[in-house]
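Visitor: Could you take me through this structure? I would like to begin with the overall layout and then turn to single residues.

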Amino acid sequence: MASEDAAALRKAGFAPVVNADTRLLICGSLPGDRSLAEARYYAHPQNRFWHLLGGAAGLPGLPALPYDERLAALLARGIGLWDVAASGRREGSLDTALREVERADLRGLAATLPGLRAVAFNGSAAARIGRRAMAGAGGIALVDLPSSSPAYCAITLAEKQQRWMVLARHLDDGRER
């Protein structure tokens with residue numbers, strides 16, 4: 001029974017959302033339970049990911065779009081999504097509970113994206129795992145972002161938005177928003 005419980009806690013992420021025009025790849029750690037249940041990145045309604053990214057990417061209406069249209073808008077803007085963990089053991093959704101992580105092949109994916117300028121990490125767990133995975137991959141900026149999760153409340157939402165605005169410089173027109 002214990003091994004069945006451990007297997008039940010093993011969670012796997014989604015396929016990357018990228019295309020040949022991806023210039024900025026944003027990586028979380030591993031989807032939370034709500035996202036896994038809905039098979040959608042950042043599905044929890046209290047997670048501010050879509051709002052933060054919409055502001056930084058000049059796509060203020062992003063959160064209101066249906067999910068497939070959100071993904072299409074990101075791809076059209078040169079933004080991809082993935083997670084740094086292919087799988088891991090975790091009870092619940094908190095990154096602090098993440099154990100036995102199998103890293104995603106982030107460096108391998110980056111090698112297939114000729115226009116990739118930056119990889120941004122949504123939260124400290126994603127940054128810790130992702131920076132190790134990207135070690136030695138020259139020419140790609142690595143950006144640590146404050147977590148979009150409501151569980152991360154060390155700074156205000158306005159401060160998070162200000163810190164996420166750095167993403168604008170890695171997109172096609174380079175203008176700060």
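Visitor: Which pattern does the protein follow, read along the sequence?
Guide: The order is α-β-β-α-α-α-β-β-β-α-β-α-β-α, with 7 helices and 7 strands. Helices (H or I, at least four residues) and strands (E, at least two) are DSSP runs, numbered from the N terminus. The radius of gyration is 16 Å, close to the 16 Å that the globule rule gives for 177 residues, so the protein is as compact as a globular protein of that length. That radius is taken over C-alpha atoms, and the globule rule is 2.2 Å times the number of residues to the power 0.38.

Visitor: What is the origin of the model, and what are the ground rules?
Guide: This is a predicted model, in which local features need pLDDT of at least 70 and side-chain atom pairs count only at pLDDT 80 or more, while totals for chains, interfaces and linings use all residues. Residues are numbered from 1 along each chain as its sequence is written, and side-chain values use heavy atoms, with hydrogens and water left out.

Visitor: What box do the C-alpha atoms fill?
Guide: Along the principal axes, the box is roughly 55 × 35 × 30 Å.

Visitor: How much of the protein counts as buried?
Guide: Of the 177 residues, 44% count as buried. Buried means under 20% relative accessible area, exposed over 50%, and partly exposed in between (1.4 Å probe, protein chains only).

Visitor: And what share of the contacts comes from residues 24 or more positions apart?
Guide: Such pairs account for 63% of the contacts with a separation of 6 or more. Contact means heavy atoms within 4.5 Å.

Visitor: Let us move to strand β3. Why is β3 described as largely enclosed?
Guide: In β3 (residues 79-83), 5 of the 5 residues are buried, so the strand is largely enclosed by the rest of the structure. Ile79, Leu81 and Asp83 point one way, Gly80 and Trp82 point the other way, and all are buried. In a regular strand the side chains alternate between the two faces of the sheet.

Visitor: Do β2 and β3 run parallel or antiparallel?
Guide: The two strands run parallel and are joined by 5 bridges; strands pair if DSSP finds at least two bridges between them. Leu25 stands opposite Gly80 of β3.

Visitor: Which residues of α6 are buried?
Guide: In this helix (residues 124-133), Ala125, Ala126, Ala127, Ile129, Gly130 and Ala133 are buried. Their cover includes β2 (24-28), β5 (99-103), α5 (106-111), β6 (118-122) and β7 (141-145).

Visitor: Where does Asp95 lie?
Guide: Asp95 lies in the loop between β4 (85-89) and β5. At 27% relative accessibility, Asp95 counts as partly exposed. Not counting residues up to four places away in sequence, Asp95 touches Ser29, Arg90 and Ala125. Ala125 is also one of the buried residues of α6.

Visitor: How far apart are Asp95 and Val18 in space?
Guide: They are 24 Å apart, C-alpha to C-alpha, and 77 residues apart in sequence.

Visitor: Now the backbone. What is phi of Ala39?
Guide: Phi of Ala39 is near 55°, a positive value in a residue other than glycine. Ala39 sits in the loop between α2 (33-38) and α3 (49-56), and at 53% relative accessibility Ala39 counts as exposed.

Visitor: And what about phi of Glu100?
Guide: Phi of Glu100 is near 50°, a positive value in a residue other than glycine. Glu100 is in strand β5 and, at 52% relative accessibility, counts as exposed.
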